[in-house]
Amino acid sequence: MDLRRPSTNADQWGRYYTSPAVSRTLVDAMTRVRPKLILELCAGQGALANAALKKWKSANFVTVDTDLTATTVLDRLTSKASHTHHAHDALDDELADKIGVPLGSVDVGLCNPPYVRPRWRSSFGHILEDAGLSGALQSVHDAGADVLFIAQNLRLLRQRGKLGLILPDGLITGQKYRGLRKVLLRDHHVEQVVQLPRRAFTRTEAQTYLLVLSKCCGETPQVQLSQMSNRGEVSLPISIAADLAEHRLDYAFHASRTSTTRRGNTRQGTKTVGAYVNELIRGTTSSSQIDSCPLPVFHLGDFPQTRESAAVPIVPTKFIQSAGKTMELREKYRIANAGDILIARIGRNLHDKVCLLPRGICIISDCIYAIRAAPEHRETLLKYLLSDHGKAALKATSHGVGAKYLSRSDVLELVLPKK
Ligand SMILES: C[S@@+](CC[C@H](N)C(=O)[O-])C[C@H]1O[C@@H](n2cnc3c(N)ncnc32)[C@H](O)[C@@H]1O
């Protein structure tokens, strides 16, 4: 089985449903529970509930979806299990009464929510509040359907009940959702996060994850992170402490850091890129402004090819202006100086885009970072960023649902191997 094949799990409106392999992995990850009542909100065709039925044959199932057509597809489940389906808005504040499932009564919740931002309703504030998540977000505008469905599931779950979710990259790695991760890790036991292969769901490159938590089991001590390959195999887990999990919950990022440690370089004594950097400058000229700019602007497609030779890749001459123009150009553009290391900020192969500005100055686009360091540190940084280890770290730390990107803290927090 290759999960990269174009998905056949879409319905006629292009909504994508969870494949049996991913559904089974989620259910398998939910251990130490014997559920009597299983709930799947946003059930669609009941992919998750059907996988759960294979594991917990005698449980009662309740599924909810706004989509009436889903009801007929769910018949498979109905014929085999004690099952009730409700065609209802699962973000209804009074859902518990509407579907006859009291708050705090569900043993296992399963949910692959839609990744949309529903029009805000005041009742959403109550759902978030009731689930203890209202203070976890910087703004209510950050409460997409994914966050609201986590909250709704938490309300319906019993104490120590298990929740199995399929979540997008933002919630797992985004700085904006650090507060949400902090609250989930503090109030519940986030047991496992499995990084799914890109294209596990759709024809897009969307990065998604499985997350399993136990409700109100005290603070999370350690989270197990693993990753599923394109062939559907799940890697051995690595274990990370809650403070690191609050920062990010993706296997790729933490595995690359752990491998530095495993090679005998303890975290003690290592330095971050930030420790060597005086300034990290992001260009301002957007790609749509480049063509009308009277001077060449260094952009993503202008990095020289990294060759096998030991020669350091440098900015092509046509982008280099005389340092005498610094005052004049600085008025209008963000410029890199001689000795700056330029790296790509976005793009699928950003880890391969690193070069040095050897002399003069150069206008940079808003997709480029210029790393400015004291002369004695440049070589160390450049060697690291061009090394296999540095490339792997850049690749692992970059994130984004579609195109990958690097935030400033992603760059500054990269850990160099100990010398
Ligand atoms: C990404 S699909 C997931 C379906 C299924 N759980 C799976 O994993 O294959 C999301 C589903 O959520 C449903 N949905 C969207 N908004 C909803 C809402 N407010 N209440 C209930 N269902 C909703 C859609 O109709 C769709 O079937």
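1. By class, the ligand shell holds nine nonpolar, five polar and five charged residues. The model is predicted, and the points below should be read with that in mind.

2. In total, 19 residues surround the ligand. The closest are Thr18, Glu40, Cys42, Asp65 and Asp89.

3. An N or O atom of the Thr18 side chain lies 2.4 Å from an oxygen atom of the ligand.

4. A polar backbone atom of Ala90 is 2.8 Å from a nitrogen atom of the ligand. For Ala43, a polar backbone atom is 3.5 Å from a ligand nitrogen atom. As for cover, the ligand taken alone exposes 590 Å², and the protein buries 88% of that.

5. Now the second largest pocket. Its space comes to about 630 Å³. Lining it are 28 residues. Nearest the centre of this pocket lie Gln195, Arg198, Gln207, Lys395 and Lys404.

6. The lining of the second largest pocket has eleven polar, nine nonpolar and eight charged residues by class. Helix 16 (residues 388–397) gives the largest share of that lining, three residues.

Conventions
Residues numbered from 1 in each chain as written. Predicted model: local features only at pLDDT ≥ 70, side-chain atom pairs only at ≥ 80, totals over all residues. Heavy atoms only, no water. Near = heavy atom within 4 Å. Polar contact = N/O pair within 3.5 Å; in protein donor to acceptor, adjacent residues only side chain to side chain. Areas by Shrake-Rupley, 256 points an atom, 1.4 Å probe, with all protein chains shown as cover. Nonpolar A, V, L, I, M, F, W, Y, C, P; charged D, E, K, R; others polar. 1 Å grid on protein atoms, 1.4 Å probe; cavity = no way out; pocket = protein on both sides within 12 Å on 5 of 7 lines; lining within 4 Å. Points joined across faces, edges and corners; volume = space filled by probe spheres on them. Helix = DSSP H or I, 4+ residues; strand = E, 2+ residues; numbered from the N terminus.
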